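Please look through the briefing below with the structure open beside it.

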Amino acid sequence: MISLSNVVLSFAFLILTGYHLLALIPEGKRAAIDVPRWLLLLLTGLIPFMLLAPVWNILTVLVTQFQVSWVEALYTVFLSYSSGQAALLSILTAGVLFVLTIRNSGSVYMKVSALLLVLILIALSGWASHAASLTGLSGFFANTGHLLGVSAWIGVLFVLGWFGRHLTDAKAFSAWFSPLALISVTVIIGSGFLLMGDIVPEYVNAWMLTYGQLLLIKHILFIPLLLFGAHHIWLIRKSNHQINLEKLQTTFRIEALIAFIIIAISAFMTEETPPHEVIQTLQTENTSILFELFQQQPLLVNQTLQLEWNMLSVSLIALSLVFLLTGSRWLTGRMKIWSAMTSFFIFCFLFYAGLMQSVLAVDTAVDETVYETKIEAIEASYASDLIVTLLAAEELDEHRVMTIYTVNDQDLVAEVLEATADGYKRLPAAMLTVGGTAVTDEDQKIRTFRVQHGNWHDEAYEYTYVTFGMIKEPVGVARVQIHYEGGSYIAELENHVFINKVSSQERWNDQHPIDFLSDDGSVIETYARQVMEEGVYCH
C-alpha cells in the first residue's frame, strides 16, 4: 500500500515538475510539448491522496489499538503528526495548483506560481518522510533535495521523451538543460550521502538485509543512468543546431525508465526496516534471499561483513567494466541503443555479483567485561550524559536475565544480559527499544516484537514473541494477561512495567488483546493490540 502510493507520488512529481519547468522555458530553447491537461489534473489530484496513505495507517492504529474515536484520531494526526500536517497542507496546495491548471492562462506569473506549488508539494513530501522524522531538519532538507534533484532532471526527460515534438535548436536546449542536469545530479549524490549517513550508517553490513540489497542495486543502476545523461550532452553538442527529436527521444525514454526503476525500488524500500544498526535489526529481520545466494555459511549472531577481494570477485568486476566500456562505445560511437542497454544490463549483474562474492563474514569484537551490577552493564551501552533507570529484571534462563529500563524517561528498552558468577556481561543483538513519544508521558505504552534472530530468539523455535510495556493508568493493575493466537500468558507488574517472552513454531496473528488484571484477577481494562513489530525499534 505505502510502496505503491510512493511510486504514484514519484511519478506525479516527475511529470508535474518536468511540465511546469519546461513551460517556463522559451519554445526556441526546448521541444514543443503536448501533455494532456487531464493527465496534469489527475496527477495533481492524486498527490494529496498518496500523502494520505501513511496517515490512514496511523489513524487505523489509533482507532483500533488505542480505542480513540475517529474525531479525536483525526484531530491528533492532522495537528500533531508531521505526515498528517503535510497531507493537510498538500490538499490546499494541490487545490490551488488544480485551479491554475484548469485556467491555464499562459502568463509568466501563472507558470511561475504553478512551478512553485509543485516544489511546495515536493517539500511537503520531504517533511512527511522517514528521514525527517528520524533526524529533523537535516533529514527534511536531504530528502527534499533528493526529490527535487530527481524531479527536475528526470522529469524533463520524461516529458520530452513521451510528450515532446520537434526540437528546433538542440544547442539552445543543451545550454540550459546540461547545467540543470549537472546541478541535479550533484544534489542527488550529496543528499544521498546525507540520507545514508542517517539511515544506513553501516553500508556493507546492510547488504545482509533486503533494505541494503535494494540500496546496492539502486546505486549500481545509477551508473548507466549517468552514462545515458552524459551521452545526451555529447550527442547534442556534436550535432548542428537542428536535430531530429526522435534520435533523442528513444534515449530520453530509456534514461527516464531506468530512473523510474530506481524510484520504484526506493518506494519498495519504505516497506523494509531501515538498518540503523544491522546486528540489532537481524534480531527480527531475516537475511536477504539475495544475500543468502552468495553466502555459503549461515551467519552467527555477532558477525558482520567486510570486503575481502579474491580472484573470482576481481575477475567479475573487471569483466563488468569491459561490458560497461563496450556499452558506452556502442552508445556514443554507433548509436546501437539496444546493444548498449544489453551491455549495461550485463555490467550491472556482473558488478553486483563481484561485490557480493567479495563480502566475508567476520566476528565482531564482543564486550567481554564483567560488570558487578545489571545497571552498570546496561549503562555501558549509552553515553555518560544519558540517565538510565532500571525498573525490573527477571531471570530468562540459567545464564541470562531480562531487564526493562528507561533512557532519559524517553525510551523504554528491554535487554538481555548474561549472568556470570562475578556479575553481568553485555550481549550482542540483545536490545528491543520502544521510542517515539516519551514513555512517561503516556498512560500505557505496550509493544510486541516478533523475533527470529539474536539473543532474544529461542533457537529451538521458529518465532519468539516478546511483549513488554509500562502501565501508569488505570491504577490498581497488578498483572496482565496476554492473549496470543497460540495461548494466554500472565506477566506480573513491577514498577509499572512487565515483560513476557514465549516461543512457537507458528507465526501467530498480529491481534493479541491484553487484559489489565487487579490483585483479585478481575479485568480492569483490555488493551487491544493488533500489530507486532518486525524491527528492533518502534515508536
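The points that follow are grouped by topic.

This is a predicted model, in which local features need pLDDT of at least 70, side-chain atom pairs count only at pLDDT 80 or more, and totals for chains, interfaces and linings use all residues. Residues are numbered from 1 along each chain as its sequence is written, and side-chain values use heavy atoms, with hydrogens and water left out. Strands here are DSSP runs of E with at least two residues, and helices are runs of H or I with at least four, numbered from the N terminus.

**A strand pair**
- Eight bridges join strand E3 (residues 388-397) to strand E4 (residues 400-407) in the antiparallel sense; two strands count as paired if DSSP finds at least two bridges between them.
- Two residues lie between E3 and E4, and the two strands form a hairpin.
- Opposite Thr389 stands Thr406 in E4.

**A cis peptide bond**
- Between Glu473 and Pro474 the peptide bond is cis, with omega near 0°.
- Pro474 sits in the loop between strand E8 (463-471) and strand E9 (479-484).

**Positive phi angles**
- Asp409 is not a glycine, yet its phi is positive, at about 55°.
- The loop between E4 and strand E5 (411-419) holds Asp409.
- Asp409 counts as partly exposed because its relative accessibility is 41%; buried means under 20% relative accessible area, exposed over 50%, and partly exposed in between (1.4 Å probe, protein chains only).
- His496, also not a glycine, has a positive phi of about 70°.
- His496 belongs to the loop between strand E10 (487-492) and strand E11 (497-504).
- With a relative accessible area of 47%, His496 is partly exposed.
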